[in-house]
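Work through the exercises below with the sequence and the 3D structure at hand. Try each task before reading its solution.

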Amino acid sequence: MTADLWHAVARSRDLRRKPIRVRFGGKPVALFRNGTGVSALHDQCPHRLVPLSDGRVVGDTIECPYHGWRFSGDGTCVDMPGTVEALPRCRVPRYRVLEAEGGIFLSSGQPPAPPVIHPLQGQDIVSQVVKSTTRSTLVDVAENILDATHTHYTHKGLLRGLSAKRYRVQVEVTRGPDWVEAVYTGEERQHGLVSALLDGSRTKGVGRYRRPGIAELEYWGPRGMVLATTFHLRQTDAETVEGIGWLSAPRQHGLGHLKALFFKPMFRVALEQDRRVLASALENGRGSTRMIGPLDILRREIELIEAGQTLTPGVQHYEMEI
Ligand code: FES
Ligand SMILES: [Fe+2]
């Protein structure tokens, strides 16, 4: 958990009139909408410690369901019903909140800049925001998203054709201080259902991991990027990873609305297949060490970035059949 960065914790549409609880940095946080935007408070009333997220929003405040104490968006207690004397000083810890592109982001520090949410941010796009919960670890989920070698098996027929045909590709892996990126070129068009939705041929594919917990894929055609999927991941307990994901495409020459409609259910199927295989790996692998295979080209970097280390920038080339 990096204090001075923004972490995606919910979709905008998950938060309406009722407060919700999310987990952030191992702690429960109550999110609620007030007149000015979204507020985020430690989800525990200081009085008898019940969840504030079980309460309701009244004006600009959140009201505790037990004795009705009310807290403003900055965490100050502004009402203790029945109290005739001056209120004692009382405050709940609060988090910085930012809402953008259909997502809600939290920080426990003071981020110097807004988050880079997805690669097509600020352009004329169609986008969908999805949410997923996986029984796994952040490193395993990030690697799974960026792993081009499991699709033949885990997603047979969906992301690939039913044939076992593989294509030889060149991969350039570039490391930055807190990110790593693999650029795949040379692959012909994939033959699965998902690739049938992508217009024309694919010129390159990019998989990238960047802090904090962001795994993203880009598909490029001759006229530029046609599709990007960006998952903002966070470990919510030792064996659970939550992700807020953006599927985005340029409105004109990417996936139009119609195609996006078809794409989403398939994306859901792929997500479910990944969730299943990751959960089985978790259940079956407790206490054992895993082997890093020759094609696991991003695993070590993902682990180091996740551990908060700074990478030595550099470039490496690989060839493989995927
Ligand atoms: S427990 Fe919240 S007001 Fe008493
Ligand atoms: Fe997958």
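**Exercise 1.** In what order do the eight strands of the open sheet stand, and which strands are at the edges?

Solution. In this predicted model, the order of the open sheet is E11-E17-E16-E15-E14-E13-E12-E18, and the pairing is antiparallel. Strand E11 (125–134) and strand E18 (314–321) each have a single partner strand, so one side of each lacks a neighbour in the sheet; these two stand at the edges. From one strand to the next, the twist averages 15 degrees.

**Exercise 2.** Over how many bridges do strand E15 and strand E16 pair?

Solution. Take E15 as residues 214–221 and E16 as residues 224–237. The two strands pair in the antiparallel sense over eight bridges. Within this pair, Glu216 has Thr230 of E16 opposite.

**Exercise 3.** Which strands does helix H1 lie across?

Solution. Helix H1 covers residues 138–146. The strands that H1 lies across are E11, E13 (179–185), E14 (204–210), E15, E16 and E17 (240–250). Relative to E16, H1 runs at about 165 degrees.

**Exercise 4.** Which residues touch the most other members of the largest nonpolar core, and which element gives the most to this core?

Solution. The largest nonpolar core has 36 residues, and Tyr209 and Leu233 touch the most other members. H1 gives the most to this core, with six residues. Leaving out residues up to four places away in sequence, Tyr209 touches residues including Leu138, Ala142, Leu146, Trp179 and Ile305. A second, separate core has 15 residues, among them Ala30, Leu52, Ile62 and Cys90.

Definitions and conventions: Residues are numbered from 1 along each chain as its sequence is written. Chains are lettered from A and ligands numbered from 1 in the order in which they are written. This is a predicted model: local features need pLDDT of at least 70, side-chain atom pairs count only at pLDDT 80 or more; totals for chains, interfaces and linings use all residues. Side-chain values use heavy atoms; hydrogens and water are left out. Two strands pair if DSSP finds at least two bridges between them. Helices (H or I, at least four residues) and strands (E, at least two) are DSSP runs, numbered from the N terminus. Axes are lines fitted to C-alpha atoms, for helices over the stretch in contact, and angles run from 0 to 180 degrees between N-to-C directions. Contact means heavy atoms within 4.5 Å. A nonpolar core is a set of buried Ala, Val, Leu, Ile, Met, Phe, Trp, Tyr and Cys residues joined through side-chain atoms within 4.5 Å. Buried means under 20% relative accessible area, exposed over 50%, partly exposed in between (1.4 Å probe, protein chains only).
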